[in-house]
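Please look over the structure below. The report takes up the ligand shell, then a helix pair, then the overall build.

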Amino acid sequence: MGDPHKKFVKDKFDRIVRNYDLVNFLGSFGQDVLWRKEVARELSSAEPPLLDLCCGPFTLSKEIHKKNPSPMFALDLSLEMLVYGMRKRAFPGLFPLCGDAEELPFKDYSFGGISIAFGFRNLTKREKALSEFYRVLKPGGLLVILEFSRPTLPVFKSLYRLYLHYFMPLLGGILTGDKEAYQYLANSIEAFPSQEKVCEMLKKAGFEDISVKTLTLGVVSLYKGIRR
Ligand SMILES: C[S@@+](CC[C@H](N)C(=O)[O-])C[C@H]1O[C@@H](n2cnc3c(N)ncnc32)[C@H](O)[C@@H]1O
């Protein structure tokens, strides 16, 4: 793997896999379950097959499968995540793949729906990735991106930053043994583009009917776009 950022991200996720879901659940006060349900609802009527990118241990893949039991390809850079997920959450019609979301190993017009939860932030070539998502979607196909954003409410904003930079690395460090992975989480959230910029990127990639929904006071945003 030539890209040092990609290697860093892959190594971090390989390391934290065991308690990854638990940290998400505790760290978000259970909100992460609701965020993923929201994505699953959006994709409930998407045409088969589906693609879940940066799928981790299939946390979102499984949630989508409950609402839309179409065949689903689930791709992640971390083999450890996929292996752990297969032990915990395998379901009929799931096709796991170890690969890079920036270079998809699929033909044009392959999928009716694509999801990517908390993975887009980790990509370095986001424009290229979006053009890949567009390429492999069928006409009328739906892209749903779930990603952290930055709350703007004055007091909440400051409390959230303290929580993100101090409490999350502490919690993540204790439960996964890798505090640095959660310092990276905080820094990557701070560096991630605004909602407006993400929508612009979607538009530039060719998506239409773009919308963004703010969840949990701006902690997370859900973006949608259609491939025409
Ligand atoms: C925060 S986890 C999200 C997992 C899952 N989507 C969820 O909702 O919990 C991000 C995942 O993205 C994966 N990832 C990071 N960069 C990637 C890339 N370039 N291609 C594919 N997967 C990538 C990581 O290995 C990790 O499993």
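## Ligand shell

The shell around the ligand holds 12 nonpolar, five polar and five charged residues. Here Ala, Val, Leu, Ile, Met, Phe, Trp, Tyr, Cys and Pro count as nonpolar, Asp, Glu, Lys and Arg as charged, and the others, Gly among them, as polar. Of the 22 residues around the ligand, F13, C54, G56, S78 and A117 come nearest. A residue is near if its C-beta atom, placed from the backbone, lies within 6 Å of the molecule.

At least two shell residues come from each of α1 (4-16), α4 (59-67) and β2 (72-76). α1 gives the most, with four residues. Helices (H or I, at least four residues) and strands (E, at least two) are DSSP runs, numbered from the N terminus.

## Basis of the model

This is a predicted model; local features need pLDDT of at least 70, side-chain atom pairs count only at pLDDT 80 or more, and totals for chains, interfaces and linings use all residues. Residues are numbered from 1 along each chain as its sequence is written.

## The α7–α8 pair

Helix α7 (residues 154-176) packs on helix α8 (residues 179-191) at an angle of about 150°, with axes 7 Å apart. Axes are lines fitted to C-alpha atoms, for helices over the stretch in contact, and angles run from 0 to 180 degrees between N-to-C directions. The two helices are therefore roughly antiparallel (an angle over 145 degrees).

## Overall build

The protein chain has nine helices and seven strands. Its C-alpha atoms fill a box of roughly 45 × 40 × 35 Å, taken along the principal axes.

Note on methods. Parallel < 35°, antiparallel > 145°, perpendicular 65-115°, else oblique.
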